[in-house]
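Reader: I have a chain open and want a quick walk through it. Can we go piece by piece?

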Amino acid sequence: MSDERLTIGELAKATGVATSALRYWEQLGLLSAPHRVAGQRRYSGSVITQVGLILVLREVGFTLREIRTLVVDRDSASWQELYRRKVAELDERISQAQSARTALAHGLDCAHDGGVFDCPNFAKGVSARLDGLSLREAHERLHASQV
């Protein structure tokens, strides 16, 4: 990037991030404090890359607090642990989404006239869920009893 200094509006336009978010990220320490010219924020062009990094980290599921830890504490053990935890969280969310998809697919494929409302398997799944099992656990219990 050049030595050109960007106003907050120019940075917002270049990155697609609202100026209010950029100010907030600056408050959190995610973005370096910009130089001021006549009271206006003036960011170096390199901050575009910082904003891009924040956007990617948010998109993969990190919270702003976690991103701050990653940006401020660049110790490899710290960021690797955060990455490991995030991978585990994502694995759990994927598992939950797969269970939800399976339940919906069952509803679409159900041969009972009243659909899932007349389906004994679905009723067993609802009962298991009311017994405190997760949707995944209820599904696993149902299929284990059918084997």
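Reader: Where is the place of Phe122?
Author: Phe122 sits in helix α6 (residues 120-130). Helices (H or I, at least four residues) and strands (E, at least two) are DSSP runs, numbered from the N terminus. This is a predicted model: local features need pLDDT of at least 70, side-chain atom pairs count only at pLDDT 80 or more, and totals for chains, interfaces and linings use all residues. Residues are numbered from 1 along each chain as its sequence is written, and side-chain values use heavy atoms, with hydrogens and water left out.

Reader: Is Phe122 buried or partly exposed?
Author: Partly exposed, at a relative accessible area of 31%. Buried means under 20% relative accessible area, exposed over 50%, partly exposed in between (1.4 Å probe, protein chains only).

Reader: Which salt bridges does Lys86 form?
Author: One is with Glu66, the closest N and O atoms being 3.1 Å apart. Another is with Glu89, at 2.9 Å, N to O. A salt bridge here is a side-chain nitrogen of Lys or Arg within 4 Å of a carboxyl oxygen of Asp or Glu.

Reader: What does the pair of Lys86 and Glu66 tie together?
Author: Lys86 lies in helix α5 (residues 76-109) and Glu66 in helix α4 (residues 64-72), so the pair ties together parts that are 20 residues apart in sequence. Glu89 and Lys86 are 3 residues apart in helix α5, so about one helical turn separates them.

Reader: New topic. How many disulfides?
Author: The count is 0, taking a disulfide as a pair of cysteine sulfur atoms within 2.5 Å. Cys110 is in no disulfide; the nearest cysteine sulfur, that of Cys119, is 3.9 Å away.

Reader: Are Cys110 and Cys119 buried or exposed?
Author: Cys110 is buried, with a relative accessible area of 15%. Cys119 is buried as well, at 2%.

Reader: Zoom out. How many helices and strands?
Author: The chain has 7 helices and 3 strands. From the N terminus on, the elements run β-α-α-β-β-α-α-α-α-α. The radius of gyration is 24 Å, well over the 15 Å that the globule rule gives for 147 residues, so the chain is more spread out than a compact globule. That radius is taken over C-alpha atoms, and the globule rule is 2.2 Å times the number of residues to the power 0.38.
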